[in-house]
Amino acid sequence: MTDFALPEEIEQLRQAAARFAAQELAPAARASEKAGRWSGAVLDVLAKFALRELDVSAELGGVAAGCLAKAVLLETLAVGDAGGLAAADQPGMAAGALAACPDLDLARKIASACLAGEAQAALVVVDAERPTPSGVAWAPSWPKLGWVFVSEADSLRVLELAGPLEPARALAFQASGGVSASLAAARVRGEWRLGSRSGVALRGRARLWCAAVAVGVAQAAFDATIAYATDRIVFGKAVAHHQGNAFELAVAATNLHGARLAVRDAATSFDRGAADAGFWATQAWLGAVDAAVTVTDLGIQLLGGHGFLVDHLAEKRFREARMLALLAGGRDLAEADLAELVLDVPDALALE
(Lines give C-alpha, C1' and ligand atoms only; values in the text may rest on other atoms or scores of the structure.)
Protein backbone atom coordinates (compact mmCIF):
# COMPACT_ATOMS: atom_id res chain seq x y z
CA MET A 1 0.00 0.00 0.00
CA THR A 2 1.31 3.45 -0.95
CA ASP A 3 1.82 5.79 2.00
CA PHE A 4 1.36 9.48 1.21
CA ALA A 5 1.86 10.67 4.79
CA LEU A 6 4.42 13.40 5.36
CA PRO A 7 7.51 12.71 7.48
CA GLU A 8 6.80 13.63 11.11
CA GLU A 9 9.03 16.71 11.18
CA ILE A 10 7.46 18.11 8.01
CA GLU A 11 3.95 17.39 9.30
CA GLN A 12 4.79 19.34 12.47
CA LEU A 13 6.04 22.21 10.30
CA ARG A 14 2.82 22.08 8.28
CA GLN A 15 0.61 22.20 11.37
CA ALA A 16 2.46 25.17 12.84
CA ALA A 17 2.35 27.01 9.51
CA ALA A 18 -1.38 26.27 9.14
CA ARG A 19 -2.11 27.90 12.51
CA PHE A 20 -0.04 30.94 11.60
CA ALA A 21 -1.67 31.24 8.17
CA ALA A 22 -5.18 31.08 9.63
CA GLN A 23 -4.56 33.37 12.60
CA GLU A 24 -2.22 35.99 11.10
CA LEU A 25 -1.99 35.89 7.31
CA ALA A 26 -5.61 35.38 6.27
CA PRO A 27 -7.20 38.13 8.43
CA ALA A 28 -4.67 40.70 7.15
CA ALA A 29 -4.74 39.71 3.45
CA ARG A 30 -6.54 42.82 2.17
CA ALA A 31 -4.57 45.16 4.41
CA SER A 32 -1.33 43.60 3.15
CA GLU A 33 -2.42 44.13 -0.45
CA LYS A 34 -3.11 47.78 0.27
CA ALA A 35 0.23 48.23 2.05
CA GLY A 36 2.17 46.42 -0.68
CA ARG A 37 4.05 44.28 1.82
CA TRP A 38 3.77 41.93 4.77
CA SER A 39 4.36 43.37 8.23
CA GLY A 40 7.63 43.07 10.10
CA ALA A 41 5.92 40.82 12.65
CA VAL A 42 4.92 38.38 9.90
CA LEU A 43 8.44 38.35 8.47
CA ASP A 44 9.88 37.66 11.93
CA VAL A 45 7.71 34.54 12.23
CA LEU A 46 8.63 33.39 8.73
CA ALA A 47 12.29 33.71 9.69
CA LYS A 48 11.63 31.25 12.52
CA PHE A 49 10.13 28.87 9.95
CA ALA A 50 13.38 29.30 7.93
CA LEU A 51 11.24 30.05 4.88
CA ARG A 52 14.13 31.36 2.78
CA GLU A 53 16.69 28.77 3.84
CA LEU A 54 14.72 25.52 3.69
CA ASP A 55 15.60 24.47 0.14
CA VAL A 56 19.01 26.17 -0.09
CA SER A 57 22.07 23.97 0.35
CA ALA A 58 24.33 24.31 3.37
CA GLU A 59 27.13 25.16 0.96
CA LEU A 60 25.22 28.34 0.04
CA GLY A 61 24.23 29.15 3.61
CA GLY A 62 20.84 27.42 3.80
CA VAL A 63 19.59 24.70 6.12
CA ALA A 64 19.13 22.13 3.34
CA ALA A 65 15.86 20.75 4.73
CA GLY A 66 14.81 19.90 1.20
CA CYS A 67 12.32 20.74 -1.51
CA LEU A 68 9.50 18.73 0.05
CA ALA A 69 9.65 20.73 3.28
CA LYS A 70 9.71 23.96 1.26
CA ALA A 71 6.80 22.93 -0.98
CA VAL A 72 4.65 21.98 2.01
CA LEU A 73 5.45 25.25 3.79
CA LEU A 74 4.69 27.35 0.70
CA GLU A 75 1.41 25.54 0.10
CA THR A 76 0.31 25.95 3.71
CA LEU A 77 1.18 29.64 3.92
CA ALA A 78 -0.56 30.31 0.59
CA VAL A 79 -3.82 29.01 2.04
CA GLY A 80 -3.71 32.02 4.37
CA ASP A 81 -2.35 34.60 1.95
CA ALA A 82 -0.04 34.06 -1.01
CA GLY A 83 0.34 37.77 -1.68
CA GLY A 84 3.68 38.40 -0.02
CA LEU A 85 5.37 35.07 -0.69
CA ALA A 86 7.20 36.18 -3.83
CA ALA A 87 8.96 38.93 -1.86
CA ALA A 88 9.36 37.20 1.49
CA ASP A 89 10.86 34.04 0.03
CA GLN A 90 14.26 34.81 -1.46
CA PRO A 91 15.94 33.34 -3.44
CA GLY A 92 12.57 31.62 -3.94
CA MET A 93 12.00 30.89 -7.62
CA ALA A 94 15.70 31.53 -8.32
CA ALA A 95 16.88 28.85 -5.87
CA GLY A 96 17.39 26.30 -8.64
CA ALA A 97 19.42 28.76 -10.70
CA LEU A 98 21.60 29.51 -7.67
CA ALA A 99 22.17 25.80 -7.13
CA ALA A 100 23.13 25.37 -10.79
CA CYS A 101 25.47 28.38 -10.93
CA PRO A 102 29.02 27.09 -11.68
CA ASP A 103 30.63 30.13 -10.01
CA LEU A 104 30.40 29.10 -6.37
CA ASP A 105 31.77 32.38 -5.00
CA LEU A 106 29.20 34.39 -6.96
CA ALA A 107 26.41 32.01 -5.92
CA ARG A 108 27.40 32.39 -2.26
CA LYS A 109 27.43 36.17 -2.54
CA ILE A 110 23.95 36.27 -4.05
CA ALA A 111 22.60 33.65 -1.65
CA SER A 112 23.98 35.53 1.36
CA ALA A 113 22.19 38.74 0.37
CA CYS A 114 18.94 36.92 -0.41
CA LEU A 115 18.92 34.87 2.78
CA ALA A 116 19.63 37.97 4.86
CA GLY A 117 16.65 39.74 3.29
CA GLU A 118 18.93 42.45 1.92
CA ALA A 119 18.40 41.84 -1.80
CA GLN A 120 16.62 39.55 -4.20
CA ALA A 121 17.40 37.60 -7.35
CA ALA A 122 14.88 37.20 -10.16
CA LEU A 123 14.67 34.40 -12.71
CA VAL A 124 13.76 35.20 -16.31
CA VAL A 125 12.97 32.19 -18.52
CA VAL A 126 13.62 32.94 -22.19
CA ASP A 127 12.31 31.31 -25.35
CA ALA A 128 15.35 30.57 -27.52
CA GLU A 129 13.26 31.13 -30.67
CA ARG A 130 12.27 34.68 -29.70
CA PRO A 131 14.26 37.88 -29.07
CA THR A 132 15.74 38.07 -25.58
CA PRO A 133 13.63 40.43 -23.44
CA SER A 134 15.17 43.80 -22.69
CA GLY A 135 14.12 43.79 -19.07
CA VAL A 136 12.26 42.25 -16.16
CA ALA A 137 8.56 43.06 -16.55
CA TRP A 138 7.72 42.40 -12.90
CA ALA A 139 9.56 41.53 -9.72
CA PRO A 140 8.68 42.15 -6.06
CA SER A 141 9.55 45.64 -4.87
CA TRP A 142 11.12 44.39 -1.65
CA PRO A 143 13.87 43.58 -0.93
CA LYS A 144 15.73 45.46 -3.67
CA LEU A 145 16.25 43.55 -6.92
CA GLY A 146 20.00 43.06 -7.35
CA TRP A 147 20.54 40.17 -9.74
CA VAL A 148 18.76 38.48 -12.60
CA PHE A 149 19.28 34.88 -13.70
CA VAL A 150 18.40 34.34 -17.35
CA SER A 151 17.62 30.73 -18.31
CA GLU A 152 17.48 30.02 -22.04
CA ALA A 153 17.45 26.40 -23.25
CA ASP A 154 20.63 24.91 -21.72
CA SER A 155 22.37 28.23 -20.99
CA LEU A 156 22.43 30.30 -17.80
CA ARG A 157 23.47 33.93 -17.44
CA VAL A 158 23.80 36.01 -14.29
CA LEU A 159 23.31 39.76 -14.57
CA GLU A 160 24.00 42.34 -11.87
CA LEU A 161 21.59 45.23 -12.21
CA ALA A 162 22.55 48.85 -12.55
CA GLY A 163 20.27 51.82 -12.88
CA PRO A 164 16.92 52.69 -11.36
CA LEU A 165 13.95 50.38 -10.89
CA GLU A 166 10.51 51.49 -12.04
CA PRO A 167 7.21 50.83 -10.28
CA ALA A 168 5.17 48.08 -11.96
CA ARG A 169 1.55 47.11 -11.41
CA ALA A 170 1.03 43.38 -11.07
CA LEU A 171 -2.03 41.27 -11.77
CA ALA A 172 -1.65 39.70 -8.33
CA PHE A 173 0.77 39.27 -5.42
CA GLN A 174 0.21 42.91 -4.59
CA ALA A 175 1.48 42.37 -1.04
CA SER A 176 4.88 41.86 -2.69
CA GLY A 177 4.71 45.23 -4.41
CA GLY A 178 6.12 45.43 -7.92
CA VAL A 179 8.98 46.88 -9.96
CA SER A 180 10.30 46.52 -13.49
CA ALA A 181 13.96 46.72 -14.50
CA SER A 182 15.87 47.32 -17.69
CA LEU A 183 18.70 44.92 -18.49
CA ALA A 184 20.40 47.31 -20.91
CA ALA A 185 23.00 48.51 -18.41
CA ALA A 186 23.22 45.28 -16.43
CA ARG A 187 26.67 43.79 -15.91
CA VAL A 188 27.10 40.19 -17.07
CA ARG A 189 28.69 38.31 -14.17
CA GLY A 190 28.77 34.90 -15.83
CA GLU A 191 27.42 32.81 -18.69
CA TRP A 192 27.54 29.03 -18.96
CA ARG A 193 26.19 26.04 -20.89
CA LEU A 194 24.61 23.59 -18.46
CA GLY A 195 23.13 20.83 -20.59
CA SER A 196 19.45 20.33 -21.35
CA ARG A 197 18.60 18.32 -18.22
CA SER A 198 20.24 20.90 -15.96
CA GLY A 199 18.35 23.69 -17.69
CA VAL A 200 15.03 21.92 -17.24
CA ALA A 201 15.94 21.14 -13.62
CA LEU A 202 16.58 24.76 -12.65
CA ARG A 203 13.39 25.84 -14.42
CA GLY A 204 11.62 22.92 -12.76
CA ARG A 205 12.63 24.23 -9.33
CA ALA A 206 11.03 27.58 -10.20
CA ARG A 207 7.89 25.84 -11.45
CA LEU A 208 7.77 23.73 -8.30
CA TRP A 209 7.67 26.96 -6.27
CA CYS A 210 4.74 28.21 -8.35
CA ALA A 211 2.99 24.84 -8.21
CA ALA A 212 3.17 24.62 -4.42
CA VAL A 213 1.76 28.14 -4.04
CA ALA A 214 -0.94 27.35 -6.62
CA VAL A 215 -2.08 24.34 -4.60
CA GLY A 216 -2.38 26.51 -1.50
CA VAL A 217 -4.33 29.20 -3.35
CA ALA A 218 -6.63 26.53 -4.81
CA GLN A 219 -7.20 24.96 -1.39
CA ALA A 220 -8.15 28.31 0.10
CA ALA A 221 -10.55 28.96 -2.78
CA PHE A 222 -12.08 25.49 -2.47
CA ASP A 223 -12.59 25.80 1.28
CA ALA A 224 -14.23 29.21 0.92
CA THR A 225 -16.44 28.00 -1.93
CA ILE A 226 -17.63 24.97 0.04
CA ALA A 227 -18.40 27.15 3.07
CA TYR A 228 -20.45 29.57 0.97
CA ALA A 229 -22.13 26.98 -1.25
CA THR A 230 -23.29 24.83 1.66
CA ASP A 231 -24.71 27.84 3.50
CA ARG A 232 -26.37 29.68 0.60
CA ILE A 233 -29.90 28.39 -0.13
CA VAL A 234 -31.26 28.61 -3.68
CA PHE A 235 -34.52 26.98 -4.83
CA GLY A 236 -34.97 25.31 -1.50
CA LYS A 237 -31.54 23.73 -1.03
CA ALA A 238 -27.89 24.65 -0.62
CA VAL A 239 -26.07 25.75 -3.77
CA ALA A 240 -23.56 22.92 -3.32
CA HIS A 241 -26.31 20.31 -3.34
CA HIS A 242 -27.63 21.16 -6.80
CA GLN A 243 -26.47 18.30 -8.98
CA GLY A 244 -24.44 20.26 -11.54
CA ASN A 245 -22.63 22.20 -8.84
CA ALA A 246 -22.00 19.08 -6.78
CA PHE A 247 -20.42 17.35 -9.77
CA GLU A 248 -18.11 20.30 -10.46
CA LEU A 249 -17.06 20.54 -6.83
CA ALA A 250 -16.28 16.81 -6.72
CA VAL A 251 -14.10 17.05 -9.83
CA ALA A 252 -12.35 20.13 -8.44
CA ALA A 253 -11.61 18.35 -5.16
CA THR A 254 -10.16 15.35 -7.01
CA ASN A 255 -7.97 17.45 -9.29
CA LEU A 256 -6.73 19.53 -6.37
CA HIS A 257 -5.76 16.45 -4.39
CA GLY A 258 -3.99 14.98 -7.41
CA ALA A 259 -2.09 18.22 -7.95
CA ARG A 260 -0.94 18.22 -4.33
CA LEU A 261 0.39 14.67 -4.60
CA ALA A 262 2.16 15.47 -7.88
CA VAL A 263 3.84 18.53 -6.34
CA ARG A 264 5.03 16.59 -3.31
CA ASP A 265 6.28 13.72 -5.46
CA ALA A 266 8.21 16.13 -7.68
CA ALA A 267 9.71 17.83 -4.62
CA THR A 268 10.79 14.45 -3.27
CA SER A 269 12.44 13.64 -6.61
CA PHE A 270 14.63 16.74 -6.22
CA ASP A 271 15.50 15.74 -2.66
CA ARG A 272 16.71 12.32 -3.75
CA GLY A 273 18.68 13.77 -6.68
CA ALA A 274 16.64 12.16 -9.45
CA ALA A 275 17.87 13.01 -12.93
CA ASP A 276 14.32 13.57 -14.18
CA ALA A 277 13.18 15.77 -11.27
CA GLY A 278 12.82 18.84 -13.51
CA PHE A 279 10.54 16.90 -15.86
CA TRP A 280 8.18 15.84 -13.07
CA ALA A 281 8.23 19.29 -11.47
CA THR A 282 7.15 20.78 -14.79
CA GLN A 283 4.37 18.22 -15.08
CA ALA A 284 3.30 19.03 -11.51
CA TRP A 285 3.24 22.74 -12.35
CA LEU A 286 0.92 22.14 -15.30
CA GLY A 287 -1.48 20.14 -13.14
CA ALA A 288 -1.33 22.57 -10.22
CA VAL A 289 -1.99 25.75 -12.17
CA ASP A 290 -4.79 24.07 -14.13
CA ALA A 291 -6.40 22.94 -10.87
CA ALA A 292 -5.95 26.38 -9.31
CA VAL A 293 -7.45 28.26 -12.25
CA THR A 294 -10.40 25.86 -12.37
CA VAL A 295 -11.09 25.96 -8.63
CA THR A 296 -10.76 29.74 -8.31
CA ASP A 297 -12.97 30.30 -11.35
CA LEU A 298 -15.57 27.91 -9.93
CA GLY A 299 -15.49 29.88 -6.70
CA ILE A 300 -16.31 33.10 -8.53
CA GLN A 301 -19.12 31.42 -10.47
CA LEU A 302 -20.77 29.88 -7.41
CA LEU A 303 -20.50 33.07 -5.39
CA GLY A 304 -22.22 34.93 -8.21
CA GLY A 305 -21.92 38.69 -7.91
CA HIS A 306 -20.15 38.28 -4.58
CA GLY A 307 -17.26 36.64 -6.41
CA PHE A 308 -16.27 39.93 -8.01
CA LEU A 309 -16.41 42.01 -4.83
CA VAL A 310 -13.43 42.73 -2.58
CA ASP A 311 -15.65 41.77 0.36
CA HIS A 312 -14.66 38.22 -0.52
CA LEU A 313 -11.21 36.91 -1.45
CA ALA A 314 -12.49 34.90 -4.43
CA GLU A 315 -11.37 37.46 -7.01
CA LYS A 316 -7.94 37.80 -5.36
CA ARG A 317 -7.33 34.05 -5.51
CA PHE A 318 -8.40 33.94 -9.15
CA ARG A 319 -5.87 36.67 -9.99
CA GLU A 320 -3.16 34.77 -8.14
CA ALA A 321 -3.92 31.51 -9.95
CA ARG A 322 -3.79 33.23 -13.33
CA MET A 323 -0.49 34.96 -12.53
CA LEU A 324 1.13 31.73 -11.33
CA ALA A 325 0.28 30.25 -14.74
CA LEU A 326 2.34 32.99 -16.41
CA LEU A 327 5.53 32.71 -14.37
CA ALA A 328 8.70 30.70 -15.14
CA GLY A 329 8.13 30.92 -18.87
CA GLY A 330 4.45 30.08 -18.89
CA ARG A 331 2.76 27.05 -20.43
CA ASP A 332 4.45 27.18 -23.85
CA LEU A 333 7.99 26.89 -22.52
CA ALA A 334 6.95 24.31 -19.94
CA GLU A 335 5.47 22.10 -22.63
CA ALA A 336 8.55 22.64 -24.80
CA ASP A 337 10.77 21.39 -21.95
CA LEU A 338 8.56 18.32 -21.53
CA ALA A 339 8.57 17.59 -25.24
CA GLU A 340 12.38 17.72 -25.34
CA LEU A 341 12.78 15.17 -22.55
CA VAL A 342 9.69 12.98 -22.74
CA LEU A 343 11.35 10.08 -24.58
CA ASP A 344 14.30 10.10 -22.18
CA VAL A 345 12.29 9.85 -18.96
CA PRO A 346 11.80 6.25 -17.78
CA ASP A 347 8.28 5.00 -17.23
CA ALA A 348 8.05 4.24 -13.50
CA LEU A 349 5.30 1.67 -14.03
CA ALA A 350 7.22 -0.13 -16.76
CA LEU A 351 10.23 -0.47 -14.46
CA GLU A 352 8.34 -2.29 -11.72
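**Figure 1. Packing of helix H1 against helix H4.** The axes of helix H1 (residues 8–25) and H4 come within 8 Å and cross at roughly 20°. Axes are lines fitted to C-alpha atoms, for helices over the stretch in contact, and angles run from 0 to 180 degrees between N-to-C directions. The angle therefore makes H1 roughly parallel to H4; angles under 35 degrees count as roughly parallel, over 145 as roughly antiparallel, 65 to 115 as roughly perpendicular and the rest as oblique. H1 passes H4 in a right-handed crossing; a crossing is right-handed if the near helix is turned clockwise from the far one by less than a right angle, and left-handed if anticlockwise. Among the residues that meet are Ile10, Leu13 and Phe20 in H1 and Leu68, Val72 and Leu77 in H4, where contact means heavy atoms within 4.5 Å. By class, this contact of H1 with H4 has 12 nonpolar, 2 polar and 1 charged residues. Ala, Val, Leu, Ile, Met, Phe, Trp, Tyr, Cys and Pro count as nonpolar, Asp, Glu, Lys and Arg as charged, and the others, Gly among them, as polar.

The model shown is predicted: local features need pLDDT of at least 70, side-chain atom pairs count only at pLDDT 80 or more, and totals for chains, interfaces and linings use all residues. Residues are numbered from 1 along each chain as its sequence is written, and side-chain values use heavy atoms, with hydrogens and water left out.

**Figure 2. The whole protein.** The protein has 13 helices and 9 strands; helices (H or I, at least four residues) and strands (E, at least two) are DSSP runs, numbered from the N terminus. The radius of gyration is 20 Å, close to the 20 Å that the globule rule gives for 352 residues, so the protein is as compact as a globular protein of that length. This radius is taken over C-alpha atoms, and the globule rule is 2.2 Å times the number of residues to the power 0.38. Along the principal axes, the C-alpha atoms fill a box of roughly 65 × 55 × 40 Å.

**Figure 3. Packing of helix H10 against helix H11.** Helix H10 (residues 277–303) and helix H11 (residues 314–324) pack at an angle of about 155°, with their axes 9 Å apart. H10 is therefore roughly antiparallel to H11, and their crossing is left-handed. The residues that meet include Trp285, Asp297 and Ile300 in H10, and Glu315, Arg317 and Phe318 in H11. By class, the contact of H10 with H11 has 10 nonpolar, 1 polar and 4 charged residues.

**Figure 4. An open sheet.** Three strands form an open sheet in the order E2-E6-E5, with antiparallel pairing. Strand E2 (135–139) and strand E5 (166–167) are the edge strands, each pairing on one side only. E5 pairs with strand E6 (residues 179–182) over 2 bridges; two strands pair if DSSP finds at least two bridges between them. The bridge partner of Pro167 in E6 is Val179.

**Figure 5. Loop residues and backbone geometry.** Most residues other than glycine have a negative phi, and most peptide bonds are trans. Ala64, in the loop between H3 and H4, has a positive phi, near 55°. The peptide bond from Gln90 to Pro91 is cis, with omega near 15°, and Pro91 lies in the loop between helix H5 (85–88) and helix H6 (95–100). The bond from Trp142 to Pro143 is also cis, with omega near -15°; Pro143 is found in the loop between E2 and strand E3 (145–152).
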